[in-house]
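Visitor: I have a model open on my screen and would like to be walked through it. Could you take my questions one at a time?

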Number of protein chains: 4
Amino acid sequence: MNGVNDVNGESGRRGRPRRPETDTRILQATVELLGESGYGALSIEAVAARAGVTRPTVYRRWPDKAHLVVDALAQTVPVAPAPDSGDLRADLHDLARGLVDRLIRTGLARIILAVHADSFGHQDLAVPLRNLYLRPRLETITDVIARAVDRGDLPPHTSPATARDLLAGPIFYRWLVSGDLTDTDVEELADTTWRALTGQEQGP
Amino acid sequence: MNGVNDVNGESGRRGRPRRPETDTRILQATVELLGESGYGALSIEAVAARAGVTRPTVYRRWPDKAHLVVDALAQTVPVAPAPDSGDLRADLHDLARGLVDRLIRTGLARIILAVHADSFGHQDLAVPLRNLYLRPRLETITDVIARAVDRGDLPPHTSPATARDLLAGPIFYRWLVSGDLTDTDVEELADTTWRALTGQEQGP
Amino acid sequence: MNGVNDVNGESGRRGRPRRPETDTRILQATVELLGESGYGALSIEAVAARAGVTRPTVYRRWPDKAHLVVDALAQTVPVAPAPDSGDLRADLHDLARGLVDRLIRTGLARIILAVHADSFGHQDLAVPLRNLYLRPRLETITDVIARAVDRGDLPPHTSPATARDLLAGPIFYRWLVSGDLTDTDVEELADTTWRALTGQEQGP
Amino acid sequence: MNGVNDVNGESGRRGRPRRPETDTRILQATVELLGESGYGALSIEAVAARAGVTRPTVYRRWPDKAHLVVDALAQTVPVAPAPDSGDLRADLHDLARGLVDRLIRTGLARIILAVHADSFGHQDLAVPLRNLYLRPRLETITDVIARAVDRGDLPPHTSPATARDLLAGPIFYRWLVSGDLTDTDVEELADTTWRALTGQEQGP
DNA sequence: ATCTAAGCGAGACGGTACGTCCTGTCTTGAG
DNA sequence: CTCAAGACAGGACGTACCGTCTCGCTTAGAT
């Protein structure tokens with residue numbers, strides 16, 4: 001639960017304790033620099049300088065750039081609360097807008113993509129990324145679906161995971177291949193997913 | 001149509017002409033190294049060495065790693081032919097399997113993701129990536145949809161682009177968040193999309 | 001007499017003739033750039049660019065930087081006329097001032113030093129440098145001495161070459177080790193040499 | 001006294017200390033390569049390779065080739081002891097032979113000339129060159145002169161600096177313009193200088 | 001109160017790669 | 001044959017980071 005960083009892992013209590021402020025400053029610097037220049041251009045050197053810390057101090061806590069970034073994302077990006085208006089269609093639109101506003105428009109999606117691309121095949125990175133970062137955020141969506149099933153707004157055999165992929169997948173894919181995403185696009189895609197899930201008369 | 005690399009662009013034919021073989025060797029080396037170690041770890045240095053060429057020779061043709069990789073992808077990854085069995089469901093399954101077999105299982109998807117993450121905000125890179133690489137490959141999917149609409153297998157107001165996002169989006173999204181993709185997953189997601197498009201009784 | 005450069009040496013009259021203007025422009029550019037940034041920083045590339053010519057055109061005429069510079073110096077730096085006032089002391093002062101004004105103060109001495117340092121051991125360079133550049137300039141001095149011997153102002157066994165070294169050597173040496181040379185220094189050194197040659201009462 | 005290189009200069013003793021061996025190895029390699037191919041052809045790259053060190057390690061200590069070479073000369077070329085036979089004429093011959101044997105015949109003079117040519121106008125280079133390298137070596141000569149004045153072998157108003165220039169200047173000048181120097185030349189020039197200083201019957 | 005282990009800033013170090021510049025040679029097409 | 005243009009192999013430039021290491025100093029809990 002406490003990230004990739006050991007934070008005085010089980011072993012240690014002897015010796016001078018780490019200043020907790022140092023952790024914060026490094027993560028803060030990481031987030032700032034990610035926002036300014038992206039994952040590829042991020043260097044440990046720059047993070048350390050921005051945090052007013054030396055490189056070894058960073059390496060004492062995180063083994064490399066990727067692990068550092070995962071922690072920075074996990075501890076910095078807030079998990080949005082799951083919408084619960086009682087109306088599935090409204091909730092889906094809410095979720096869709098949330099994805100766009102909090103991930104795509106802020107540039108976060110780009111960073112996460114880069115970390116993902118870097119992490120494939122590195123289990124020590126991909127696993128924490130999924131557990132720390134993704135899981136709680138994905139659950140926001142599956143919770144909404146599960147509640148709709150409970151309410152009877154969706155058929156009982158509806159798979160929350162598949163429904164989630166049906167909502168978020170097309171949005172990210174559209175963004176990826178077109179490079180842009182208008183509000184109308186998002187509305188339309190959310191509606192299409194809602195119709196697909198509920199079996200309303202066809203679109204798109 | 002001739003890539004990011006100028007290939008003796010408009011300017012003329014004066015001076016010693018470029019050896020066309022050199023282009024090929026560099027792109028070939030790029031593809032090989034991408035496959036071996038991914039986009040992040042790719043260095044121009046290594047590409048040049050593998051191609052039996054000096055670094056300046058590479059820089060004469062492509063301004064940086066990203067542009068080089070875009071060209072390498074565009075000229076190397078084959079565009080799969082659009083399936084045309086006459087049966088939409090079969091075609092969709094075919095397309096879905098194709099995405100997985102040719103992009104995800106080969107590691108290409110990971111590379112494309114990395115290039116994308118690098119390219120956002122760099123129009124000189126993102127635009128060629130979309131025009132040279134993505135567009136022809138996306139058309140394979142929209143062609144299948146358009147033909148199904150013509151045949152009357154899909155409602156006439158069906159948007160090929162949206163249908164495309166509905167098919168490919170969930171697959172990539174699932175792969176992204178779970179890190180893996182079984183054949184069953186793919187079948188199920190393709191079926192869900194088919195049902196959503198045709199309005200068959202609901203899943204998933 | 002025609003320098004290191006072949007200037008359509010004996011062999012050629014067939015084919016398109018060389019534009020003589022090109023020779024001039026290249027030498028001119030060389031002298032300018034030498035003055036601006038010295039011998040070490042001079043590049044054939046820059047010479048060609050300044051002369052509005054391509055690199056191979058330069059290489060067709062001179063095999064390398066050193067040969068080019070020797071020719072540029074020989075054809076550009078004027079040979080000062082030998083002073084002949086009838087008074088040896090005045091002539092020596094004149095020569096000394098000339099060395100300082102035309103070589104040291106203009107930066108030429110520095111360039112010649114660099115070429116010399118580069119040329120040692122390269123006979124194909126050192127020989128033309130001495131024959132084309134140095135010899136005519138050294139003769140200005142030995143001529144003055146020889147005339148003074150003829151006039152009886154100096155003992156008949158005076159060696160013009162040694163006398164020359166006794167005049168010019170200390171001046172250059174002083175400049176070399178102190179980095180600067182005041183008018184008084186020069187006067188004093190010239191006087192010392194005059195006294196040494198004529199056997200006047202001792203200094204310095 | 002400690003060269004152009006900081007050698008953990010005033011700033012302090014924090015951080016991992018430099019291996020002193022590294023300094024030595026780099027200077028050693030510099031001297032060797034200077035001897036093999038001269039100043040112009042010397043590259044930091046080659047020095048680093050020969051010293052078994054990487055380029056950045058060299059640049060950490062010296063800003064460029066010229067500074068490196070100045071230190072290499074200063075720390076490597078021994079200062080010859082001043083001759084003190086009690087006989088001025090013998091001492092002058094001794095000094096002259098020393099100049100030729102230790103500077104000209106070893107190729108050192110050529111290197112020093114090249115550094116000088118490079119250093120003019122660069123005070124940060126010319127000043128250390130004079131202070132570290134030249135000054136102690138020039139003093140060998142002026143000491144001899146000063147002692148001769150004390151002994152009464154030279155007139156009391158004799159300027160040691162001028163006398164020094166009168167001895168060394170002609171020798172270097174002769175070497176420079178003729179490219180060679182026989183033992184007889186040197187003897188003759190030293191004698192000429194001795195006569196000039198003491199006012200013996202004239203030569204040359 | 002001392003001991004001892006760790007944190008930490010500082011900076012050296014061997015490396016790899018960067019992107020640029022220049023060298024000297026070559027290949028083409030035009031004059 | 002000249003010449004402009006420009007490709008090419010090669011080599012060096014000076015810089016930026018990497019990840020590791022060795023210092024001296026500081027900060028604490030354990031003794």
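This is a predicted model: local features need pLDDT of at least 70, side-chain atom pairs count only at pLDDT 80 or more; totals for chains, interfaces and linings use all residues.

Visitor: How many helices and strands does chain A have?
Guide: Elements here are DSSP runs numbered from the N terminus, with helices being H or I of at least four residues and strands E of at least two. Read from the N terminus, chain A goes α-α-α-α-α-α-α-α-α, and its C-alpha atoms fill a box of roughly 65 × 35 × 30 Å along the principal axes. The count for chain A is nine helices and zero strands.

Visitor: Which residues of domain 1 of chain A lose the most area to domain 2 of chain A?
Guide: The bounds come from an automatic or database domain assignment, which gives domain 1 (20–75) and domain 2 (80–198) in chain A. Between them these two domains bury about 1000 Å², 77% of it on carbon and sulfur atoms; buried area is the accessible area (1.4 Å probe) that two parts lose on being put together, summed over both. On the domain 1 side, 53% of what is buried comes from three residues together, namely Tyr39(A), Val70(A) and Leu73(A).

Visitor: How many salt bridges does the rule find across that interface of domain 1 and domain 2 of chain A?
Guide: The rule asks for a side-chain nitrogen of Lys or Arg within 4 Å of a carboxyl oxygen of Asp or Glu. Contact, meaning heavy atoms within 4.5 Å, links ten residues of domain 1 of chain A with 14 residues of domain 2 of chain A. Across this interface, the number of salt bridges is zero.

Visitor: What area is buried between chain A and chain B?
Guide: The size of an interface is often given as the accessible area lost when the parts come together. Here 41 residues from chain A meet 41 residues from chain B, and carbon and sulfur atoms give 67% of the buried area. That area is about 3600 Å².

Visitor: Which residue of chain B forms a salt bridge with Arg174(A)?
Guide: The rule finds two salt bridges across the interface of chain A and chain B. In the one made by Arg174(A), the closest N and O atoms are 2.4 Å apart. Its partner is Asp165(B).

Visitor: How far apart are the nearest C-alpha atoms of chain B and chain D?
Guide: Chain A and chain C have no contact, with their closest C-alpha atoms 34 Å apart. Chain B and chain D do not touch either, and the distance between their nearest C-alpha atoms is 17 Å.

Visitor: Which helix gives the most to the lining of the largest cavity?
Guide: A cavity is a set of points on a 1 Å grid over the protein atoms alone where a 1.4 Å probe fits but cannot get out, and lining residues have an atom within 4 Å of a point. The largest one holds about 320 Å³, and of the 21 residues that line it, the closest to its centre are Leu99(C), Leu103(C), Leu134(C), Phe172(C) and Tyr173(D). Helix H8 (160–178) of chain D is among the elements that supply at least two lining residues. With six residues, the top contributor is H7(C).

Visitor: What volume does the largest pocket have?
Guide: A pocket is an open set of grid points with protein on both sides within 12 Å along at least five of seven lines; points are joined across faces, edges and corners, and a volume is the space filled by probe spheres set on them. The largest pocket is lined by 33 residues, with Tyr39(C), Gly40(C), Tyr39(D), Ala114(D) and Asp118(D) nearest its centre. Its volume is about 670 Å³.

Conventions. Residues are numbered from 1 along each chain as its sequence is written. Chains are lettered from A and ligands numbered from 1 in the order in which they are written. Side-chain values use heavy atoms; hydrogens and water are left out.
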